[in-house]
Amino acid sequence: MKELWKKSATELSHLIRNREISPVELVNLYAERIEKIDPYLHAFTYLSVESAKEKAKALEKEILEGSVLSPLCGVPIAIKEHYDIVSLPSTHGSLLFKDYIAKEDHLLIKRLKEAKALILGKTNMPEFGFSAVSHNPLFPATKNPWNLSLTAGGSSSGSAAAVAAGLCPLSLGSDGGGSIRIPASFCGIFGYKPSRGRIPWPIGRGRDFENWELFSHAGPLCRTVEDAVIFLSVLAGPDPSDPYSLPPAEFGWENCLKEDIKGLKIAYSLDLGYARVDPELKQIISKAIELFESDLGCKIEEVDPGWPDPSEAFLTLVYFGADLIAFRKAMSENRKKVSPHISDFVERNLKPEDFSLALKRRREIIYKMSKLMEKYDLFLSPVTAIAPFELYFQGPDFIAGHPVNPHVGWIPFTYIMNMTGQPAAAVPAGWTSKGLPVGLQIAGKHLDDLTTLKASYAFEKVCPWNEKWPSIAFI
């Protein structure tokens, strides 16, 4: 029983459906692990273990009666602080909302509850998700399971750390510029940002200061590609609250778990032509990319995508996508309660022309990426430009001896895929000489989640990561 925490969500689902384990036993197991390990990690903000236990007991009867079960039935899951869960605090990692109690469930929480997943609690994130690191002014910083002095990445910080340390098998994250893929890379697990709209993202819920409808995606953080596929099979599908949401997938999700990708044409770039990247990380990613040719029978080709550094355009679109009126009102009343990097950002003096230019830059990137992907099936790159770094920084000022923007200079590869909306995965590709995980980004064509997941699954078979655990998982 004690070894069950090592199993994937898919394996646990099979055991539950075959009546070999009880969901009550599973909730108790993870509750014990959270109690023991999370004081070191600070992955969770609030727990709903007692509620999960009650629901697990009710599920036992349904299972014994042979009810038709979803793939997530009885599977314990953690939820990023971003998502409202009725009757639980919903703070977004901000002092401004430290006393706010959610009045209704987020759409995706409703779908998870309908699927009978068991929600263990909510996980930590930087304030309003306006950061790719793991600290905020309200809760203790989430620490990297591989080295407790380092950041877990963000903004789905606690979600990634909890899965990496075996505190839950699966977690719900969100991604507006890399917020699933960055912490997945830093914590050595699988993270997936599906095509924009594959999982609906409700717009205009009234309290989302950071609801960037151009860029935002929901997705899983988990141990295996198969876990991501069962997650997507439950949460994907249209909803009128998101006008960008897609119809049901034109393929069967089970087809994503076919590892033969021989003959695919794959483009890759280690720097996009302008990014500064740590030399050791480049070497690790280069070796991982070579496996697509040597072991998987693909044709790989290095490319220069052909667009200039779009970081300013991205930040401008994030700025105009935020609720500036609400932010400024909140800061006029409680400036000291808002993180300095947020108040500095909101107080930028941007003009409508800046927004117009940023939209133009985005359109140029979408066009150039679409032309590039006419020739290739996949696009590979690092997830981040560096390995995990110290806590309480927004990012480094220098990479490989060159100055970079500390907010986005180390994540040049991820937000591109939010600007285009195409699917992108973060897969563990190796470990540095200091034992820190490094992630490879696998991006697919527009709406081609099928090939993106198949490639991730194939890579997992030739470069398995599921048996690698940080030492904190065994305390």
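Arg 196 forms a salt bridge with Asp 242, with the closest N and O atoms 3.1 Å apart; a salt bridge here is a side-chain nitrogen of Lys or Arg within 4 Å of a carboxyl oxygen of Asp or Glu. Arg 196 lies in the loop between β7 (190-193) and β8 (217-222) and Asp 242 in the loop between α7 and β9 (265-268), so the pair ties together parts that are 46 residues apart in sequence. Arg 196 and Asp 242 are both buried (under 20% relative accessible area, with exposed over 50% and partly exposed in between; 1.4 Å probe, protein chains only).

The model is predicted: local features need pLDDT of at least 70, side-chain atom pairs count only at pLDDT 80 or more, and totals for chains, interfaces and linings use all residues. Residues are numbered from 1 along each chain as its sequence is written, and side-chain values use heavy atoms, leaving out hydrogens and water.

The count comes to 15 salt bridges. One of them joins the side chains of Glu 81 and Lys 122 (3.9 Å, N to O). Glu 81 lies in the loop between β2 (76-80) and α4 (107-114) and Lys 122 in strand β3 (residues 118-123), so this pair links parts 41 residues apart in sequence. Helices (H or I, at least four residues) and strands (E, at least two) are DSSP runs, numbered from the N terminus. Both Glu 81 and Lys 122 are buried.
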